[in-house]
Amino acid sequence: MNSRERVLAMIEGRPVDRLPFMPITMMFAARQAGVKYRDYVRDYRVLVDAQLRVAEKFDIDHVSAISDPAREPADLGAALEWFEDQPPALVESQALLADKSRLTTLRPADPLGGGRMHDRVNAVALFKQRVGGEKLIEGWVEGPCAEAADLRGINTLMVDFFDDPGFVRDLFEFSVQMELGFARAQVEAGADIIGVGDAAASLVGPAIYDEFVWPYEQKLVDGLHALGTRVRLHICGKTRKLFGGMGRLGCEIVDLDYPAPIAEARATMGPGQVLLGNVEPVGVLKNGMPESIGAAIAACHRAAGPRYIVGAGCEVVRDTPDGNLRALRDYARSQPAA
Amino acid sequence: MADYSRLYDAILNGDAKTAIAVTKEAIAADADPLELVSKYMIPAMDETGKRFECEEYFVPELLLAARAMKGSLELIRPLLTARGAQPAGRVVIGTVKGDLHDIGKNLVSSMLEGGGFEVIDLGADVAPDKFVDAVKSHNANIVCLSALLTVTMPSMKNTVEALKIAGVREQVRVLIGGAPVTQQYADEIGADGYGENATVAVSLARKMVAANA
């Protein structure tokens with residue numbers, strides 16, 4: 001059973017030889033490859049080389065085109081600040097939609113237009129050439145709340161929910177349509193699964209999530225399924241109050257951040273949902289010892305039950321010792337799923 | 001003084017328009033500005049923080065309450081200044097160099113302001129020498145440092161070092177916070193406290209001011 005077959009078997013409820021292992025590695029992968037993160041996010045060949053290297057070294061079952069949330073905003077013309085060795089950041093004081101009226105004339109960026117989105121599509125295509133059929137190839141898009149926050153400014157979006165709900169819905173609709181176009185290009189390039197990152201969703205409570213965010217997440221997930229792909233949902237932060245909605249989206253994998261109680265996620269989302277995570281990336285995975293990491297991931301597995309994929313709560317941080325990530329890998333290797 | 005509990009309700013409900021209207025009404029009636037702050041505004045923000053902590057309120061509700069509080073405070077501040085009223089403490093706050101994430105810092109800033117502190121908010125991507133300059137020029141007694149990225153956390157250490165080199169480290173208590181930040185890291189870099197959320201930060205700041213009183 002190769003890596004791709006293992007993950008697909010887990011998703012489809014078929015027997016697997018061991019637990020799949022799918023941590024998010026971005027700056028960690030760049031560091032492992034000895035490249036600056038600025039180069040990692042700007043040149044798909046650098047990203048692909050680094051991902052393949054880290055997947056090989058740590059026996060990770062997937063490779064991913066995830067890098068930073070600023071690809072779509074950059075192609076729409078948003079202001080970015082670049083750093084040598086960390087992700088580019090959006091400049092909120094110059095948010096693309098600081099003036100809401102711009103939304104009426106904004107058109108989705110072309111994922112094959114030669115910009116940062118195209119660079120990600122190229123990464124997926126190169127993954128397909130290099131490890132297609134062996135590793136699960138993961139594309140990535142932003143969820144509606146995250147993308148809206150990137151375009152409008154996260155502080156402003158949070159009060160827009162109350163000040164101008166119609167605008168928020170229009171912005172979410174725009175975001176979903178653009179992300180579906182981006183996802184289509186990645187699926188056509190060879191992605192086996194699309195990761196959806198909707199970090200900002202954890203900042204709102206269940207009332208706003210259910211009324212505003214969930215319907216557009218559902219539209220995005222349904223659209224991705226209509227493209228024939230699979231979905232890994234990752235919402236950073238505390239999501240406990242959102243578990244009901246997250247479980248109803250029908251994503252193949254729900255990837256939990258560390259503040260999300262995995263036992264409660266299992267209870268709420270039911271026995272069929274594949275859960276992924278969620279060892280604390282800094283206090284446990286980076287700063288801990290292999291023995292304590294093994295104990296922590298075993299506790300996650302016990303709480304999640306058999307439909308489970310090993311991973312950290314969020315991104316494996318850059319300076320995580322090799323031995324610590326190997327402790328997660330060793331646990332996955334040692335555990336035949338039920 | 002008349003009962004202005006509508007001000008408390010307006011802040012708690014994030015209704016800036018009503019908060020401002022009630023404040024104007026109170027000022028016109030010559031209400032005691034200190035009492036408006038201590039009896040209505042601070043308790044409203046304290047209750048907002050409690051609701052946030054127990055996940056009854058979330059970031060949007062907290063930002064709305066902060067907006068209402070600030071609208072009211074802007075009207076009251078000149079009256080407080082005229083009376084020579086002293087804030088609970090002077091806080092210099094910012095997201096550290098290299099990091100543009102500011103929503104967590106903004107929440108802490110608002111809760112501190114709502115808790116009666118004078119807040120000098122330096123924004124995001126703030127260099128250590130900017131913190132030093134602000135501490136000196138505002139005679140601050142607390143510095144709050146925020147970071148969302150593990151790769152920008154070293155800027156917290158650099159800022160603490162810069163405060164030492166500038167000779168103002170003993171003048172201030174340093175609080176740090178942000179998603180990847182831990183108490184262990186606070187201890188490592190010689191910070192005086194770690195706040196895991198905005199309400200803890202306010203509580204720590206109050207304790208530190210009380211300890212220095």
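# A tour of chains A and B

Select B:Glu55 and A:Arg240. They form a salt bridge, with the closest N and O atoms 3.0 Å apart. A salt bridge here is a side-chain nitrogen of Lys or Arg within 4 Å of a carboxyl oxygen of Asp or Glu. B:Glu55 lies in the loop between α3 (33-53) and α4 of chain B, and A:Arg240 in the loop between β6 and α11 of chain A, so the pair joins two chains. Helices (H or I, at least four residues) and strands (E, at least two) are DSSP runs, numbered from the N terminus.

Before moving on, note what you are looking at. This is a predicted model, where local features need pLDDT of at least 70 and side-chain atom pairs count only at pLDDT 80 or more, while totals for chains, interfaces and linings use all residues. Residues are numbered from 1 along each chain as its sequence is written, chains are lettered from A and ligands numbered from 1 in the order in which they are written, and side-chain values use heavy atoms, with hydrogens and water left out.

**Stop 1: around the first pair**

Is B:Glu55 buried or exposed? B:Glu55 counts as buried, at 16% relative accessibility. Buried means under 20% relative accessible area, exposed over 50%, and partly exposed in between (1.4 Å probe, protein chains only). A:Arg240 is partly exposed, at 33%.

A:Glu264 is partly exposed, with a relative accessible area of 32%.

**Stop 2: the interface**

Show both chains. Here 21 residues of chain B are in contact with 28 residues of chain A. Contact means heavy atoms within 4.5 Å. The two chains bury about 2,000 Å² between them, 63% of it on carbon and sulfur atoms. Buried area is the accessible area (1.4 Å probe) that two parts lose on being put together, summed over both. Pick out B:Glu55, B:Leu100 and B:Val151. These three supply 27% of the area that chain B buries against chain A, more than any other three residues.

How many salt bridges cross this interface? The rule finds two. You have seen B:Glu55 with A:Arg240. Select B:Arg67 and A:Asp163 next. They form a salt bridge too, with the closest N and O atoms 2.8 Å apart.

Which elements of chain B give two or more residues to the side that touches chain A? They are α4 (59-82) and α5 (103-114). α4(B) gives the most, with six residues. By type, the residues on this side of chain B divide into 11 nonpolar, five polar and five charged. Ala, Val, Leu, Ile, Met, Phe, Trp, Tyr, Cys and Pro count as nonpolar; Asp, Glu, Lys and Arg count as charged; the others, Gly among them, count as polar.

**Stop 3: helix α4 of chain B**

Stay on this helix and click B:Leu75, which has its place in α4 of chain B. B:Leu75 counts as partly exposed, at 29% relative accessibility. What does it touch, leaving aside neighbours within four places in sequence? B:Leu75 is in contact with B:Ile20, B:Thr23, B:Lys24 and B:Ile27.

**Stop 4: inside chain A**

Select A:Asp119 and A:Arg71. They form a salt bridge, the closest N and O atoms being 3.0 Å apart. A:Asp119 is in helix α6 (residues 116-131) and A:Arg71 in helix α5 (residues 71-76) of chain A, 48 residues apart. A:Asp119 counts as buried at 11% relative accessibility. A:Arg71 also counts as buried, at 1%.

Next, highlight A:Arg6, A:Asp17, A:Arg18, A:Asp59, A:Asp61 and A:Arg333. They are linked in a network of salt bridges. Over all chains, the count of salt bridges comes to 36.

**Stop 5: the sheet in chain B**

Switch to cartoon view. Five strands of chain B form an open sheet in the order β2-β1-β3-β4-β5, and the pairing is parallel. β2 and β5 (193-194) stand at the edges, each with a single partner strand, so one side of each is left without a neighbour in the sheet. Two strands pair if DSSP finds at least two bridges between them.

Select strand β1 (residues 90-95). It is mostly covered: five of its six residues are buried. β1(B) pairs with β2 (residues 118-121) over four bridges. In β2(B), B:Asp121 is the bridge partner of B:Ile93. β1(B) also pairs with β3 (residues 142-146), over five bridges. There, B:Val92 stands opposite B:Val143 in β3(B).
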